[in-house]
Amino acid sequence: MSDAWLSAFKERLAASETFKKGAKSFRGSMAFALLPEADKGVEPRGMVLDLADGALRKGEIIQGPGPYEADYVIRGTGPNWKKLLSKEIFPVPAIMGGQLQLVKGNAMGLMTQMGSLQSLLDEAGAVPTAYPA
């Protein structure tokens, strides 16, 4: 989660017809928070996205543990975000199994937006990403 990564992600979303169609019914904000991993030198940070009608209206990286102002806040460790973006795990099972944590927002409401969320994650997974070792 860096400003350079977010810039590439924004460009990808703006160009993606799949995202525009998949997320056209979602209107709200989501935050994805990276939990700290002191042994790897990973500091906490989050990415807050304001989405509406298949478009990213605003996106920002926030350094530190939050709070992150968003309708939905999901947090996890770097390895679990990597698994999610590479489709080794999927959002609902990962949340239900404790690999990711929904810390703000209604789980049922999020489930009704799975198409929007998955199209967002598909585009995020296509952005070149360096993960801590």
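## Around Leu-49

Start with Leu-49: leaving aside residues up to four places away in sequence, Leu-49 touches Leu-6, Phe-9, Gly-28, Ser-29, Met-30, Phe-32, Leu-56, Lys-58, Gly-59 and Leu-120. Contact here means heavy atoms within 4.5 Å.

A quick note on what you're looking at: this is a predicted model, where local features need pLDDT of at least 70, side-chain atom pairs count only at pLDDT 80 or more, and totals for chains, interfaces and linings use all residues. Residues are numbered from 1 along each chain as its sequence is written, and side-chain values use heavy atoms, with hydrogens and water left out.

## The nonpolar cores

Leu-49 also turns up in the largest nonpolar core, which has 30 residues; Leu-49 is among those with the most contacts inside it, along with Phe-9, Met-30, Phe-32, Met-47 and Leu-120. A nonpolar core is a set of buried Ala, Val, Leu, Ile, Met, Phe, Trp, Tyr and Cys residues joined through side-chain atoms within 4.5 Å. Buried means under 20% relative accessible area, exposed means over 50%, and partly exposed is in between (1.4 Å probe, protein chains only).

Two or more residues of this core come from each of helix H1 (3–15), E1, E2, E4, H3, H4 and helix H6 (114–125). Helices (H or I, at least four residues) and strands (E, at least two) are DSSP runs, numbered from the N terminus.

## Aromatic pairs

Searching the whole structure turns up 3 aromatic pairs. In one, the rings of Phe-26 and Tyr-72 have centres 6.4 Å apart and planes at 40 degrees, so the pair is tilted. Rings of Phe, Tyr and Trp (its six-membered ring) pair if their centres lie within 6.5 Å; planes under 30 degrees apart are stacked, over 60 edge-to-face, and the rest tilted.

Phe-26 sits in the loop between helix H2 (17–22) and strand E1 (27–34), and Tyr-72 in strand E4 (residues 72–76), so the pair ties together parts 46 residues apart in sequence. Phe-26 is buried at 4% relative accessible area, and Tyr-72 is buried too, at 12%.

The peptide bond from Gly-66 to Pro-67 is cis, with omega near 10 degrees. Pro-67 is in the loop between strand E3 (55–63) and E4.

Asp-53, not a glycine, has a positive phi, near 55 degrees. Asp-53 lies in the loop between strand E2 (45–52) and E3, and is partly exposed at 47% relative accessibility. Lys-87 has a positive phi of about 65 degrees; Lys-87 belongs to the loop between helix H3 (78–85) and helix H4 (91–96) and is partly exposed at 44%.
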